[in-house]
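Here are my notes on the model you sent over.

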Amino acid sequence: MKTLTYRRDGRIARITLNRPKRLNAITAAMPGEIRAAVEAANADPKVHVVVLAGAGPAFCAGYDLVEYAERKTPLIQTEMPWDPMQDYAVMKRFTEDFMALFRSLKPTIAKVHGYAVAGGSDIALCCDLVVMAEEARIGYPPARVWGCPTTAMWVYRLGAERAKRMLLTGDLVDGREAKAIGLVADAVPARALDARVEALAARLAGVPQNQLMMQKLMINQALHNMGLETTQMFATVFDGIARHSPEGMAFKRRAEKVGFKQAVRERDSGAPLDELWGLRRKRR
């Protein structure tokens, strides 16, 4: 494991994203390692529950996009023209890796501190339960330009209107608001986060494995029946389109010129991006 650590502590499996200097940003290797760690927990007869956390100052700051945005190569492919199905194949594999947390036969708990943004929010929201520090922040800013959440878990956790509120704005919310709108199971002061997660994990760990499995499968099946897989297919295709739309390509050119962080500040400022970046659309 290059991007995370895995260990068992009694009945609890602990997965810790371990790129603290990069705020645990997602590399090409991380999704598959998350899946492998979840599979290890599922294969261990002593494990009842899985706790996922992040080392250092944040849970996960999303995909490690600086090099992709600032260099003159597209995100997924190395050559143009863009092949949407090649893009889809790569991103769908990452999505399926994250969804290992959702499909795990043993319950998964995300412990969120600092930031869980963009792809980091995908990882957290694939877990069965999310506990946040009140001061932590979660959201999907690339919904403004250059992304679509491939797991689509926002709508299944929040319902249509609140999911639209988050994804049409790209806003971040803190743990307090995330709890109030029903996005996460609980939010506590940062100093109490470890204790709250440990208490919850211990409570689940006392339940027989077969009972945990039955309850989780029943609830997950309801989401599958609501069209989860179809929604994720569309979301993953749209994610690729978002990175190659006129506005997406303009964002990338801007990142190449002024740096990724400055381009993100402009994207998230609320200013009309067509005016900010000099885009002109033909009127129909």
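1. A definition to start with: two strands count as paired if DSSP finds at least two bridges between them. Keep in mind that this is a predicted model. Here strand β1 (residues 4–9) and strand β2 (residues 12–17) run antiparallel to each other and are joined over six bridges. Take Tyr-6 as an example: its bridge partner in β2 is Ile-15.

2. Now for the link between those strands. β1 and β2 make a hairpin, with two residues between them. In the turn sits Gly-10, whose phi is positive, at about 65°. While you have the strands on screen, remember that side chains in a regular strand alternate between the two faces of the sheet.

3. On to the aromatics: how many aromatic pairs does the structure hold? The count is six. One of them is Phe-234 with Phe-238, and because the ring centres are 6.0 Å apart and the planes meet at 50°, this pair is classed as tilted. For a tilted pair, the angle has to fall between the cut-offs of 30 and 60 degrees.

4. Where do those two rings sit? Phe-234 and Phe-238 both belong to helix α11 (residues 228–244) and are four residues apart, about one turn of the helix. Phe-234 has 46% relative accessibility, so it counts as partly exposed. Phe-238 comes out at 45% and is therefore partly exposed too.

5. Phe-251 and Phe-260 are another aromatic pair, this one edge-to-face, with 6.1 Å from centre to centre and 80° between the planes. Are these residues buried or exposed? Both Phe-251 and Phe-260 are buried.

6. Last, the cysteines, in case you were wondering about disulfides. A disulfide is a covalent bond between the sulfur atoms of two cysteines. With a cut-off of 2.5 Å between the sulfurs, the count is zero disulfides. Cys-60 is in none, and its nearest cysteine sulfur, on Cys-127, is 11 Å away. Cys-60 has a relative accessible area of 0%, so it is buried.

7. Cys-126 is likewise in no disulfide: the nearest cysteine sulfur is that of Cys-127, at 7.3 Å. Cys-126 also has a relative accessible area of 0% and is therefore buried.

Terms used:
Residues are numbered from 1 along each chain as its sequence is written. This is a predicted model: local features need pLDDT of at least 70, side-chain atom pairs count only at pLDDT 80 or more; totals for chains, interfaces and linings use all residues. Side-chain values use heavy atoms; hydrogens and water are left out. Rings of Phe, Tyr and Trp (its six-membered ring) pair if their centres lie within 6.5 Å; planes under 30 degrees apart count as stacked, over 60 as edge-to-face and the rest as tilted. Buried means under 20% relative accessible area, exposed over 50%, partly exposed in between (1.4 Å probe, protein chains only).
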